[in-house]
Amino acid sequence: MDQNKKTILKSFSPVKILIPVFLGLAATVWLFIRDDKVSELKGLAQANVWWLVAALLVLLVRDVGYMYRIRSLTDKFLTWRNSLDVIMLWEFASAITPSVVGGTTIATIILNKEGIPLGKSLAYVMLTAVLDNMFFIVAAPIALLLTQGQVFPTFNLDPSDVAKLQSAFYISYSLIAVYTFAMIYALFVKPRAFKWLLLKVTSVHFLRKWRVNAFQHGNEIVWASEQLKGKGFNYWSRAIISTIFVWSARYFLLNCLIAAFTDVTLSEHMLIISRNLIFWIVMLIAITPGGAGIVEMAFPSFFGLFLGGFSSIVVVLYRLITYYPYLILGSIFLPRWIAKVFGHYPKQSEVRA
């Protein structure tokens with residue numbers, strides 16, 4: 001079997017799909033049973049339908065934005081149809097892998113099988129990671145400044161829990177910043193020096209077992225850097241603006257869901273967006289696939305202040321709209337995409353492998 005195909009099927013195995021589903025559903029059930037909140041499901045009848053429709057539209061617009069971005073990054077090598085395949089499978093990969101891992105390895109293979117050379121595929125995937133992380137790095141301090149400390153929730157949390165939450169945020173933010181600026185240096189300043197540094201570090205006795213991986217990763221950085229040389233102002237402006245657009249849409253979707261159940265002022269909308277930003281940065285260090293279970297448990301502490309008795313309902317809707325559909329859509333897109341790029345549908349024995 002083709003090694004890329006084997007990697008794809010192994011990454012998208014049924015077990016890896018069922019794990020986040022089980023964790024998410026278990027956490028959701030626990031939220032309702034813990035304080036006997038099953039009766040709160042009746043609150044769905046009180047939702048403002050127009051805000052729910054707005055949430056779905058924002059989700060659709062966001063995914064179109066992702067398609068536009070990957071098509072622009074590839075200099076329109078990908079058609080809109082191929083961009084749809086890439087984004088659906090990329091979201092699928094992200095949904096079944098821990099947030100700290102993401103779907104970048106799979107995304108590189110997907111782009112490569114769409115006919116993009118490996119070096120360019122690596123460059124585009126690394127660039128999207130850098131753009132996404134830079135959005136967090138720039139937006140987080142702005143959120144902290146504008147909300148003057150209110151961005152960290154205190155609802156139902158004692159001071160020690162708040163301190164732990166703040167520590168988790170600052171640790172996550174620091175790790176993202178260090179990684180991102182290292183990638184920027186490696187991709188745009190001194191790729192060969194970065195490769196040399198990786199080899200030098202892994203020459204230490206207890207790190208030598210990673211030397212081969214360091215050599216490979218160093219080569220990947222050099223290849224990717226060469227592909228990004230000479231890109232003009234229009235290329236970078238489209239990349240940056242589309243990144244701001246898709247992440248703003250991703251955050252505003254939650255605003256729509258909250259507004260469907262309670263009146264929200266403009267200042268509260270801004271606070272929700274700010275808290276959502278902090279929420280996402282903390283969730284980036286989640287160890288479960290797609291943050292399953294952890295998102296459901298942490299959600300009420302961040303947004304219960306705005307929702308009161310509707311927080312359990314909204315977190316269920318939030319995950320139903322933003323998470324589970326990609327598990328379903330990915331399962332639909334995957335076999336068709338494999339048939340397209342490998343020439344036949346995967347066999348049951350291959351999927352189980």
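Predicted model: local features only at pLDDT ≥ 70, side-chain atom pairs only at ≥ 80, totals over all residues.
User: How many helices and strands does the chain have?

Analyst: Helices (H or I, at least four residues) and strands (E, at least two) are DSSP runs, numbered from the N terminus. Here there are 15 helices and zero strands.

User: How do I read burial, and what share of the chain is buried?

Analyst: Buried means under 20% relative accessible area, exposed over 50%, partly exposed in between (1.4 Å probe, protein chains only). Of the 353 residues, 52% are buried. Take R69, in helix 3 (residues 49-73). Is R69 buried or exposed? R69 has a relative accessible area of 5%, so it is buried.

User: Which residues does R69 contact?

Analyst: Contact means heavy atoms within 4.5 Å. Leaving aside neighbours within four places in sequence, R69 contacts T128, L131, D132, A239, S242 and T243.

User: How do I read a helix crossing, say helix 6 with helix 10?

Analyst: Axes are lines fitted to C-alpha atoms, for helices over the stretch in contact; angles run from 0 to 180 degrees between N-to-C directions. Angles under 35 degrees count as roughly parallel, over 145 as roughly antiparallel, 65 to 115 as roughly perpendicular, the rest as oblique. The axes of helix 6 and helix 10 (residues 233-259) come within 10 Å and cross at roughly 60°. Helix 6 is therefore oblique to helix 10. Residues making the contact include L131 and D132 of helix 6 and A239 and T243 of helix 10.

User: And where does helix 11 cross helix 6?

Analyst: The axes of helix 6 (residues 118-147) and helix 11 (residues 266-283) come within 9 Å, crossing at roughly 135°. That angle is why helix 6 is oblique to helix 11. Among the contact residues are F136 and A140 of helix 6 and I281 of helix 11.

User: What does Y173 touch?

Analyst: Y173 is in helix 7 (residues 159-189). Not counting residues up to four places away in sequence, Y173 touches F136, I137, A140, P141 and I281. The C-alpha atoms of Y173 and I137 are 7.2 Å apart, though 36 residues separate them along the chain.

Technical notes: Residues numbered from 1 in each chain as written. Heavy atoms only, no water.
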